[in-house]
Amino acid sequence: MGIGKRLIDVARANVTDFASAFTTDPEVRERRRLDDELERELAQEVDNTIGARAGRRARNVADKAEEAWERAFDEARARGGTSGRAGVTPRTIEGWYRTLEVPPGSDFTVVRKSYRKLVAKYHPDRFASDPDKYAAATEVARKITEAYEGIKTHIGEG
């Protein structure tokens, strides 16, 4: 069946439904009530399918991961986070460069390119189907971001 035919069928059904909404015929009203009831029952059946349950579980996992990310962010901010790095040691800065897989003292454009490449590679959304990998990717992405922000603050960019 072509797309034009489908569109015509949908339009015809919508016009029929619209016209029947204003009828006073008891048979039409009863048929509409039964159709509505059937539609509600089908919606409940669809809501209880394996796919729907898996979708709810996936949303719960994603919500928990987001809460963990926010907690880690708040804890980092409470510890001093990425701002106000007065007591940063050269060893810490070197660790940031290693985290971003660039040589220490690299130009900020090199740091930015590496950061973007690594975030794309380890972004948690790429591993949304596996909760363990998602959690690990979330932690790796957090460390990559922390290193980038630390270097950005240290170099004085942005």
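## Close-up views of salt bridges and a nonpolar core

**View 1. Arg 33 and Glu 30 lie three residues apart in helix H2 (residues 26–47), so about one helical turn separates them.** Helices, here and below, are DSSP runs (H or I, at least four residues), just as strands are runs of E with at least two residues, and they are numbered from the N terminus. This is a predicted model, in which local features need pLDDT of at least 70 and side-chain atom pairs count only at pLDDT 80 or more, while totals for chains, interfaces and linings use all residues. Residues are numbered from 1 along each chain as its sequence is written, and side-chain values use heavy atoms, with hydrogens and water left out. The side chains of Arg 33 and Glu 30 form a salt bridge with an N to O distance of 2.5 Å; the term stands for a side-chain nitrogen of Lys or Arg within 4 Å of a carboxyl oxygen of Asp or Glu. Arg 33 is partly exposed at 41% relative accessible area, and Glu 30 is partly exposed at 36%, where buried means under 20%, exposed over 50% and partly exposed in between (1.4 Å probe, protein chains only).

**View 2. Glu 30, Arg 33 and Glu 37 are linked in a network of salt bridges.** Arg 33 also pairs with Glu 37, and the closest N and O atoms of these two residues are 3.1 Å apart. Glu 37 and Arg 33 are four residues apart in helix H2, so about one helical turn lies between them, and Glu 37 is partly exposed at 31% relative accessibility.

**View 3. Arg 142 and Glu 139 form a salt bridge in which the closest N and O atoms are 2.4 Å apart.** The two residues are three places apart in helix H6, which means that about one helical turn separates them. Arg 142 is buried, with a relative accessible area of 18%, whereas Glu 139 is partly exposed at 34%. A search of the whole structure finds five salt bridges.

**View 4. The largest nonpolar core has 14 residues, and among those with the most contacts inside it are Tyr 97, Leu 100 and Val 111.** Helices H4 (90–99), H5 (108–122) and H6 (131–155) each supply at least two residues of this core, and H5 gives the largest share, five residues. Such a core is a set of buried Ala, Val, Leu, Ile, Met, Phe, Trp, Tyr and Cys residues joined through side-chain atoms within 4.5 Å.

**View 5. Tyr 97 touches several residues, including Val 102, Pro 103, Pro 104, Val 111 and Ile 151, when residues up to four places away in sequence are not counted.** A contact here means heavy atoms within 4.5 Å.
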